[in-house]
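Here are a few exercises to work through with the model open beside you. Try each one yourself before you read the solution.

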Amino acid sequence: MEYMALWFLLGIIFMITWTTKGFRLWLKMIITIYYLVLSFVFIMRKEEIYRQFHTIPVPNTFWDANSDWVSSLIGFYFLPFLLILLFTYYRWFAQTSGTAKKVGIVLSLIPSGVVFFCLLVIFSMYGYRP
């Protein structure tokens with residue numbers, strides 16, 4: 001339950017990746033393996049930080065290590081995700097004919113951007129420091 005936001009993020013990335021026709025099978029597999037390995041490393045290190053520093057009262061070094069770890073991995077999660085989204089939108093826009101459809105695709109960037117930003121904020125909360 002602790003990593004529900006991470007699994008939700010991975011689910012969105014995998015759905016987009018595996019339903020995009022522009023990605024070849026080997027690229028879909030590389031993206032999937034990349035995110036699975038990254039998530040494994042993320043969770044293992046986060047749990048190690050928790051076991052190492054989490055005592056009562058919680059020391060400041062725990063919050064520093066946890067925040068540093070999460071902030072160092074945000075780019076590894078969200079930069080490739082942004083590239084996947086941009087590639088998908090570019091292909092979708094290029095393959096569509098008609099001005100009204102293209103305007104609709106451009107307008108759909110707004111809710112996609114909002115969801116992307118919300119996921120970024122939610123993921124960054126793993127490194128929250130009170």
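**Exercise 1.** Which residues do ring pairs link into a cluster?

Solution. Keep in mind that this is a predicted model. Start with the count: the structure holds 17 aromatic pairs. Now follow the rings from pair to pair, and you'll find a cluster made of Tyr3, Tyr34, Tyr35, Phe42, Tyr77, Phe78, Phe81, Phe116, Phe123 and Tyr126.

**Exercise 2.** Work out why the pair of Tyr3 and Tyr126 counts as tilted.

Solution. A pair of aromatic rings is described by two things, the distance of the centres and the angle of the planes.
- Step one, the distance: the ring centres of Tyr3 and Tyr126 are 5.8 Å apart, and rings pair if their centres lie within 6.5 Å.
- Step two, the angle: the planes of Tyr3 and Tyr126 sit at 35°. Planes under 30 degrees apart would be stacked and over 60 edge-to-face, so the rest are tilted.
- Step three, the place in the chain: Tyr3 belongs to the segment before helix H1 and Tyr126 to the segment after H4, so this pair links distant parts of the chain, 123 residues apart. Both residues are buried.

**Exercise 3.** Now take Phe78 and Phe81: where do they lie, and are they buried or exposed?

Solution. First, find helix H3 (residues 60-95), which holds both Phe78 and Phe81. They are 3 residues apart, about one turn of the helix. Their rings form a tilted pair too, with 6.4 Å centre to centre and 55° between the planes. Next, check the cut-off: buried means under 20% relative accessible area. Phe78 has 4%, so it is buried, and Phe81, with 2%, is buried as well.

**Exercise 4.** Describe the surroundings of Ser108.

Solution. Begin with helix H4 (residues 99-124), where Ser108 lies. Its relative accessibility is 18%, so Ser108 counts as buried. The side chain of Ser108 reaches the backbone oxygen of Ile105 at 2.6 Å. Leaving out residues up to four places away in sequence, Ser108 touches Tyr89 and Trp92.

**Exercise 5.** Why is the protein chain described as more spread out than a compact globule?

Solution. Go through the elements: you'll count 4 helices and 0 strands. Then compare two numbers. The radius of gyration is 18 Å, while the globule rule gives 14 Å for 130 residues; the chain is well over that, so it is more spread out than a compact globule. To finish, look at the box the C-alpha atoms fill along the principal axes: roughly 60 × 30 × 25 Å.

Key. Residues are numbered from 1 along each chain as its sequence is written. This is a predicted model: local features need pLDDT of at least 70, side-chain atom pairs count only at pLDDT 80 or more; totals for chains, interfaces and linings use all residues. Side-chain values use heavy atoms; hydrogens and water are left out. Helices (H or I, at least four residues) and strands (E, at least two) are DSSP runs, numbered from the N terminus. Buried means under 20% relative accessible area, exposed over 50%, partly exposed in between (1.4 Å probe, protein chains only). A polar contact is a pair of N or O atoms within 3.5 Å; within protein, one must be able to donate a hydrogen and the other to accept it, and residues adjacent in sequence count only if both atoms are side-chain atoms. Contact means heavy atoms within 4.5 Å. Rings of Phe, Tyr and Trp (its six-membered ring) pair if their centres lie within 6.5 Å; planes under 30 degrees apart count as stacked, over 60 as edge-to-face and the rest as tilted. The radius of gyration is taken over C-alpha atoms; the globule rule is 2.2 Å times the number of residues to the power 0.38.
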